[in-house]
Amino acid sequence: MSTSPSATELRHYLDGRWVHGTGPAIECRSAVDPDRLLAVGRSADTQQIDAAFAAAGKAAGGWAALPMAERATYLLRAADQLTGQADTLGAELAVEEGKTLAEGIAEVHRAAQVLNYVAGEAQREAGSIYHSPRADEQIIVGYRPLGVVAVITPFNFPIAIPAWKIAPALIYGNTVVFKPASAVPLLATRLVQALEAAGLPHGVLNMVLGPGSLGDELLAHPRLRGVSFTGSTEVGRQLCAAGAARGIPVQAEMGGKNAAVVLADADLEMACEQVLLGAFRSAGQKCTATSRLIVDHRVADELIEHLCDRLETWVTGDPLAADVHMGPLIDERAARSARDRLARALDSGATEVFHGTAPAGKNFLPPTLLEVTNDAVGRANPAWNEEFFAPVLTIVRVDGEAQAFAAANDGEYGLSLALFTKDLGAALRAQRSVDVGILHVNSESAGAEVHVPFGGAKSSGYGPKEQGRAAREFFTHSTTVYLRA
Ligand code: UN1
């Protein structure tokens, strides 16, 4: 094990100060080379979590009282900071998380774009006015912040997801206790630093670092008024239960097992390119990644041949290298779990259609195509119904649109569907019959624009959607005012 002398010191951000942790030791290793220690420190302990909530509680009144346009200025300045540093931070992100440099830089720009969009809320409508049945009265609906909210984020978008939760929390007047995934404290720290450099008042945003178990402590804190979480369905469900037990709203974005449906009339070349991006960019580690390919049997052989040809040239390796398409998984545990699931899938009857190459590093997995049958045996295969969060795509052949949509609806998740067809009618029928929060027609299953709702159906999501105006639903409560004058 090499302990780099340049390992950064991990610190928590409490009431506008960077402080050392007083809990158990924590560390951050590069996804690319787990022997490379990037940062070390100590977890936040119970008293520090308390201090984070106390600071957020103290700052809440003053922050909520500011005009929204003033709150927006902090977000705008932070966005400028991130844009100016996008190349450096993108490279740091690639080393920490393992996605390619291009994806890392794009993610930093996306975080800035989120901050800019959310800041614009100060120029949008603030509520609604209704007619009253009584003379001299109108009914006004306005929005108030929840108070102190917790933001708990996953490893796979180390700066974009924190930005898309923290920015709306702040703009609507909440104060925040932020706990990023333990694997990616560096980019989380960069976001907090950008907001600090923007002059954010002390206590408005606080960050505590540590293992997942800190989440339970946040949920138990008496000052907590709401939680926004993205991560696994298992953890999400626990947070939902804990929130419900206390009567606190929880917004949870959880797992996915997203399909690309390729109908017989689709543009196969385009479908092939989009399926590749959806399944293998970020090594399949997106809740929106394509992990099922449901293809009409009339075009299946041709599409699969196309995919195999393209995967022959798909380079897995150092995410900082220019010609690389895909980096490693986040850590050894993730890689081990994906390998175990793959082995179980093959044992349960899945056929391996393609097995790519990958460097020997512990966290690397090659792109893999599997096929299962369109029957009860195929449906029971883990490759069909479990989220691998890895570069594995499971193919099933179907006969026509109705079978395709039924296959897409099979299972507990309902986040995103990518449909490939030239038939507008088929697109509209998909919207009416497939239970997903996001439907892409002729584009990959991943990707989210900042100004429209994001989130899933069934077990993929709980509580109001994120992004766009939808974010207001979660981060505020409404007051209905009967105004007679
Ligand atoms: C995207 O598809 O670009 O955790 C965003 C995730 C999702 C975000 C996906 N919440 O992967």
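## Cysteines

Cys-28 has a relative accessibility of 1% and therefore counts as buried, in what is a predicted model. Cys-272, at 0% relative accessibility, likewise counts as buried. The structure holds zero disulfides, and for Cys-272, which is in no disulfide, the nearest cysteine sulfur belongs to Cys-308 and lies 9.2 Å away.

## Ligand site

The ligand sits in the second largest pocket, where the residues around the ligand are Arg-110, Asn-156, Phe-157, Ile-161, Trp-164, Thr-230, Lys-286, Cys-287, Thr-288, Ala-446, Gly-447 and Phe-454. By residue class, this shell divides into six nonpolar, four polar and two charged residues.

Among the residues around the ligand are Cys-287, Thr-288 and Gly-447, each of which places an atom at a stated distance from a ligand oxygen. For Thr-288, a polar side-chain atom lies 2.5 Å from an oxygen atom of the ligand, whereas for Cys-287 the atom concerned is a backbone N or O, 2.6 Å from a ligand oxygen. At Gly-447, a polar backbone atom is 2.7 Å from an oxygen atom of the ligand. Taken alone, the ligand exposes 320 Å², of which the protein buries 98%.

Notes. Residues are numbered from 1 along each chain as its sequence is written. This is a predicted model: local features need pLDDT of at least 70, side-chain atom pairs count only at pLDDT 80 or more; totals for chains, interfaces and linings use all residues. Side-chain values use heavy atoms; hydrogens and water are left out. A residue is near a molecule or strand if one of its heavy atoms lies within 4 Å of it. A polar contact is a pair of N or O atoms within 3.5 Å; within protein, one must be able to donate a hydrogen and the other to accept it, and residues adjacent in sequence count only if both atoms are side-chain atoms. Accessible areas come from the Shrake-Rupley method with a 1.4 Å probe; for residues, only the protein chains shown count as cover. On a 1 Å grid over the protein atoms alone, a cavity is a set of points where a 1.4 Å probe fits but cannot get out, and a pocket is an open set with protein on both sides within 12 Å along at least five of seven lines; lining residues have an atom within 4 Å of a point. A molecule sits in a cavity or pocket if more than half of its atoms lie within 2 Å of its grid points. Ala, Val, Leu, Ile, Met, Phe, Trp, Tyr, Cys and Pro count as nonpolar, Asp, Glu, Lys and Arg as charged, and the others, Gly among them, as polar. A disulfide is a pair of cysteine sulfur atoms within 2.5 Å. Buried means under 20% relative accessible area, exposed over 50%, partly exposed in between (1.4 Å probe, protein chains only).
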